[in-house]
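Subject: Structure handover

Hello,

Here is the structure I promised to pass on. Please open it first, then read my notes below.

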Amino acid sequence: MAEILEEKYITPLAKWARLLEIFIPGYMFGKAWGIANETTVDLYRAIFPPFLINMAEYMKHNLLVTDNAALQRLLATCSGALVGFAVIFALGVFMHLVLRDRKYIDSVRFTAITLIPLAVMNGTLSHLTNTILESLGGGETIEALTKSAVDGPSGQIKMFCIFYMLAIWFFGKRAGVLGRKRYYVLLVGIGFLAVYFACGLGITPIEAADVLPKMMAAHGKP
Amino acid sequence: MMIVKDSFVRINKWALFSAIFLYLIGLFTPVKYLQPGLLFVFFAGFFNLLHKDYFAAKPKIGAHLWLLPILVTLLTSQSPLTMGEGSPLMFVLSFLTCLIPFLILISSISEEKPPRKPRLKAVSIRTVVQCSVFVIWASVTSYCFIKGTRPDMLFWAMFHVTTVALFPVFFGRVLCGWLCPNATLQDALYKNMTFKRPIENLPKAIDAQSSTACMNISGKADARAPLFPATLLLSWFPMFFAETVWDLTGVAWYPIAFMYGLFLLSLLFKWRKMCTHFCWLSSYRGINCHNSMWHIRYNRSKCKQCKVCQAEKACPFYIDIRNQDNEMPATCCLCFSCMEACPFEGVITYKRAPEEKARLKAESKGQPMAEHKPESACEPQAS
């Protein structure tokens, strides 16, 4: 059983590792929110919480602007990543209410690492938008498209939410979150998922019925 | 013909080099031709090399394994994987690639003695799984390149969903020991290549951090300690950068290029150093290892301190199991090599020994038991 040691355990690159432990999952978690373009932004707003997409879009169009297309794509993901960092630091506050035996920044590191399954989920959902876009060019009916647009993300979201809760539970054990604290940390995670869903994670049939005809029209389909 | 272990390795190694050469020619040149038997050359070659200690003493067993690619080549002589017309030259070369090692090994006798300890069942299963997954990966990739379709995306989707999210929870870092095509290539082929690596030794700071990060500390965690080695996290950057800037999401060759990149970069370092320090796929797969359903247990009270299991001799991840004190090391890829390497019974096991349970119980009550003194005589038990 893991236990927290009193003495400091320093490795040569520990400082960099600690920094990257927040940066890498944060970037993975948020980058999907920034990569929407004019064609897909409505679909992204339907799949992800709209205010997160709007924040990333605001930064992308007002703060991180360049004429170079490749660089603009990088800056677009960076704008999403900045929103991702904000979410991680905010969630870290709630985690820190439980993990008071360590510094705030270590609670944030724990938060960031456990969010990796949700970061993978966000990436997978953004890939699904590409699949939906490709389907628009095919001969599928609007009913079939709506069904696949709703069912695809829904299955992925359920699976990755389970992985997220398992990650909190098991990684908590690994990182010295013991006893009742682990239940509380899990509750914080479940609370975060509830808020994420309440803000608009996942696409409902009503949203799909609203967005898909617009996108089909933009693609020249009746 | 009399053969020793070195010549057994050399025969299989050169057969594999030839197969890799033909495979690459078939895929990346306008030839666009692959004899399915060539994929089973990989299976036979890798399997023989992974069992070199056992088969070098009985080369005829190794020879019989080469019958598999010979048979497949003959059966598929009329239905190779090809874009246009068949290529008689490629067929002949593929056939010779599996026939020559067969003929050499079947006519050989060996004076090598087999190891005293029989092959561990778990390791036998692992080698079959390793070789099979490599063949599946090579088949899917070759189909993708020759036919110009994207079935590989299904392979990678399955691979990532299971290994990113599902496997680490239930089987820890089993991906790195059982499934990764690069691991198979390194274990079977690169380990037996004796050339001087361009980066023979890593800088101390980089080398140390991989084996001292918090994820490696068993049982105890310092809240300030890093949870991952820095270089593993840093190695994500090239992938993010390339994917974003060149918009490679969904591009078919992109995940394949990563695997080929891993294959090539692994040649720069010693055996498996790429995996322990720089593999962007392995970085977070050890985080839940502590809770893996499969465990290895080090029973300190039974250890004779012979150090056979020690890092570099047996463990691909350079873990000194003797420092783990009864806990599952988080970087362990569950290859069970240490268990097989240990010449004694009951030192490294799947379950904790009763003596160890008693020792840990006493220690948890704050009554440390008398320190175990290793026996001076380290004669392994013949089994």
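**Ground rules**

This is a predicted model, where local features need pLDDT of at least 70, side-chain atom pairs count only at pLDDT 80 or more, and totals for chains, interfaces and linings use all residues. Residues are numbered from 1 along each chain as its sequence is written, while chains are lettered from A and ligands numbered from 1 in the order in which they are written.

**Confidence**

The model scores ipTM 0.72 and pTM 0.82. pLDDT is the predictor's confidence in each residue, from 0 to 100.

Chain A has a mean pLDDT of 84. In chain A, 91% of the residues reach 70 or more. Over residues 1–8 of chain A the pLDDT is below 50. Beyond near neighbours in sequence, that stretch has 18 contacts in the model. Two residues are in contact if their C-beta atoms, placed from the backbone, lie within 7 Å.

Chain B has a mean pLDDT of 81, with 81% of its residues at 70 or more. Residues 369–383 of chain B have pLDDT below 50. This stretch also has 18 contacts beyond near neighbours in sequence. Where pLDDT is low, the predicted coordinates should not be read in detail.

**Chain A**

Chain A contains 9 helices and 1 strand. Helices (H or I, at least four residues) and strands (E, at least two) are DSSP runs, numbered from the N terminus. The order from the N terminus is β-α-α-α-α-α-α-α-α-α. Strand S1 (residues 3–4) of chain A has the lowest mean pLDDT among the chain's elements, 48. H8(A) has the highest, 95.

The C-alpha trace of chain A spans about 65 × 40 × 25 Å along its principal axes. Of its 222 residues, 44% count as buried. A residue is buried if 20 or more other C-beta atoms lie within 10 Å of its own, exposed if 12 or fewer, and partly exposed in between; C-beta atoms are placed from the backbone. Take the contacts in chain A between residues at least 6 apart in sequence: 76% join residues at least 24 apart.

Leu187(A) sits in helix H8 (residues 180–199) of chain A. Leu187(A) is partly exposed, because 13 other C-beta atoms lie within 10 Å. Its C-alpha atom is 9.7 Å from that of Met95(A), which is 92 residues away along the chain.

**Chain B**

Chain B has 17 helices and 7 strands. It has 383 residues, and 45% of them count as buried. Among its contacts between residues at least 6 apart in sequence, 79% join residues at least 24 apart.

The domain assignment gives domain 1 (2–120) and domain 2 (290–364) in chain B. Such bounds come from an automatic or database domain assignment. The centres of the two domains, taken over C-alpha atoms, are 35 Å apart.

Helix H7 (residues 121–147) of chain B has 27 residues. From first C-alpha to last it reaches 39 Å, close to the 39 Å expected at 1.5 Å a residue. The expected span is 1.5 Å times one less than the number of residues. Buried residues in H7(B) include Arg126(B), Phe134(B), Trp137(B) and Phe145(B). Just after H7(B), Gly148(B) takes a positive phi of about 75°.

**Cores**

A nonpolar core is a set of buried Ala, Val, Leu, Ile, Met, Phe, Trp, Tyr and Cys residues joined through C-beta atoms within 7 Å. The largest has 108 residues, and Ala167(A), Cys338(B) and Ile348(B) touch the most other members. Helix H7 (residues 142–174) of chain A gives the largest share of this core, 11 residues. Setting aside neighbours within four places in sequence, Ala167(A) is in contact with Thr114(A), Ile116(A) and Pro117(A). A second, separate core has 43 residues, including Leu34(B), Phe47(B), Ala63(B) and Ile104(B).

**Two positive phi values**

Most residues other than glycine have a negative phi. Arg272(B) is not a glycine, yet has a positive phi of about 65°. Arg272(B) lies in the loop between helix H14 (253–266) and helix H15 (273–278) of chain B. Arg272(B) is buried, with 23 other C-beta atoms within 10 Å.

Leu334(B), also not a glycine, has a positive phi near 55°. Its loop runs between strand S6 (297–298) and helix H16 (337–341) of chain B. Leu334(B) counts as buried because it has 22 C-beta neighbours inside 10 Å.

Best wishes
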